[in-house]
Structure formats: structure tokens, C-alpha cells
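User: Could you walk me through this model? I would like to begin with the overall fold.

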Amino acid sequence: MAHLITIQPSGIQFTAEPGQTILEAATTAGLSLPHACRGGDCGACEGKILDGQVDYGEYQESLLTDFDKENGLALFCAAKPLSDLSIEAYDVILADAPPILTLSCQVQRMEKLCHDVMGIWLAPPADQYMRFLPGQFIDILLEDGRCRSYSLANPPEADGLMELHVRRVPNGLFSEFVFNTLKTGDRLNVKGPHGTFYLRESDKPILCIAGGTGFAPIKSMLAHAFSQGLRRKVTLYWGARRPEDVYMANLPAQWQQTHANFGYTTVLSDTTADDHWAGRTGHVHQAVLEDYPDLSEFQVYACGAPVMIDAIRSTFGERGMQDQDFFCDAFSFQRAAAP
């Protein structure tokens, strides 16, 4: 039995079919609610159930406690309606958002960006172009029906190619294929764009925090913002394990030289004496906390592993970061396919 879902305060309504999560039903209806991992791993889709009953689904328990549920909270990527619902959601992308397309794209170029990150540039069909918001991601559709999701690293006003940064994961279903088999001229089926990780209008200064290839969507965001004459102050903290894990380091260095409102810090967590590293060390979110005792006046954009996102959410809130000023994309190796 289908259930009617009403979004408050906008009054927008859509229908959830049996077995669909709230997020899946919204996406099917042409709406995009705040979300990132789609697997209960990041908490970006947390929202309030104002009326009705849900099956809370599978999720990381640290992201949704019994206390949270008693206060009406749920993860929309995991929760399935058991009745008609009224939910609270403010950041809804409506029908004028970029349409979701499925395209067969040709691998135009491949470049090893560092020892375990491959850059892939995909060319869409000549008569089709995927519009997207800087920071969104696409699904790579695999032959067995599964998918792997990767952020678009290029700004939308680039040359029409879609740039992906693929980190090699040991025994990874797609990443091992990329490093061992994929070649220029091959075709990949993609679907997108997805996600609500994009730069919001505001006068507040921006803190960007990237873990590893979490740099990809932030690269897209900032390249676009700078091309549009961004005047807000922006600071990027990029976390990695060792010096050899940092790639494209010349790009933020170039931004720092050409944009007076941009600052950049690399933070490494597992250096050794042989690295001769003179820069910042430790966890990247801790470096931000060391530099900013008060985060109440900042917008924060973070992309990386779920554990990093979880740490930022909990510790930055203690420093005054407002929930409505925190935007994230958690990279999960088990992202579910978009409907």
C-alpha cells in the first residue's frame, strides 16, 4: 500500500511505494532531500517525523539514538513509511534541479593522480550533457546491477567532460577494474546527478574539510565559485595519511596565489621521520578546532569517510557550529544505487 508523505513547512507532497525509503520516494517524485551516503552512514539526511510511523531501517547506531527517535528524528535514507507521514525538511531541491539522466559515456582520458588515485574523464554522448550542481555525484552502473558512486570533480562550466577521482580500494569491485582493466575508449554507464552537497548562498565565511578524495566535490565547488567571482573568505583543510597520498596539490596552491580570500592547509595523520614533513599533523578536523575556537559564524562543507563526518558533526557543534550551516557528503563503499 502506498503512503502519502507531506513535507512541512512547504506543503509539498509525494507518494512512497511499498519498500521505498523516504529518500527513494522523494527522488522518484523528482525531489531531492538533503542526503549524501544513502546508506545510513553519515547522518546528512536526518530529519523529523512530525506525524506517522516508520520502520527506521539499517543505519549506524551512533547517528540515531533512542533519544533521537523519541524526539521524532529519523534518517530519511533508511526509514520506510508504515503510514502516511508528515516530515520536516527545509532544504528541498525542486523540479527545476538538474534532471537525473542515464548516459553511456566514453572514457576520454585517464591519469594516475598519485599512487592510489586515478583520474578519469568521461565524455557524454554528443547530443547529451549532464547538468549538475558543483558538489553532486554520479553513479557508475555496473553490469551485475550494482553501482559505485563518485563525486564530479569538475565545475559545470568546464569542457563538457565529467572528471572523477577513483581511489584504489583493495579488492574493490570497481576501483580494481579501473586500475587493472579500464582503458581509454571504453564505455561506462552512469546515472545522475545526485546529492545535495553544493555551495549555499550566504555571507558567512566558508570552511571546507576534505579527507582523501573528498577533495573532488570541493574542487568542483570552489573552481565554480572562483569563476563566478566568489568574495567570501574560504579556507580548505585537506587531510591525508602520508605526503604521497596528496594529489593535485598545485591546484589549491594556485588558488592561494590568485585569490586573496582563499587559504589552504594540508594535514597528515600518519607521517614518519622518513617523510621529513614540516606541516600540520594529526586528524584534519582537530586542526580546524585548533585554529577556530568559535565556529558559530561559519558555513562548514565536509567530504570524506563517515568517521570523519561524524567527528566533525559532534565536535564542531560544541564550538558553536549551527546545524543549518553544516553540509556534508560521506564517502561510503556501500552506497546503494539511486532509484
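**Contacts and core**

Analyst: In this predicted model, residues 24 or more positions apart account for 71% of the chain's contacts with a separation of 6 or more, a contact being heavy atoms within 4.5 Å.

User: What are the ground rules here?

Analyst: Local features need pLDDT of at least 70 and side-chain atom pairs pLDDT 80 or more, while totals for chains, interfaces and linings use all residues. Residues are numbered from 1 along each chain, and side-chain values use heavy atoms, without hydrogens and water.

User: How many helices and strands does the chain have?

Analyst: There are 7 helices and 19 strands, taken as DSSP runs (H or I, at least four residues; E, at least two) numbered from the N terminus.

User: Which residues have the most contacts inside the largest nonpolar core?

Analyst: They are Cys 208, Phe 215, Leu 222, Leu 236 and Phe 262, in a core of 31 residues. Such a core joins buried Ala, Val, Leu, Ile, Met, Phe, Trp, Tyr and Cys residues through side-chain atoms within 4.5 Å; buried means under 20% relative accessible area with a 1.4 Å probe, protein chains only.

User: Which element gives the most to this core?

Analyst: Helix α4 does, with 6 residues.

User: And what does Leu 236 touch?

Analyst: Beyond neighbours within four places in sequence, its contacts include Cys 208, Phe 215, Pro 252 and Phe 262.

User: Changing topic: is Ser 149 buried or exposed?

Analyst: Ser 149 counts as buried because its relative accessibility is 13%. This residue lies in strand β11 (residues 147-151).

Note on methods
Buried means under 20% relative accessible area, exposed over 50%, partly exposed in between (1.4 Å probe, protein chains only).
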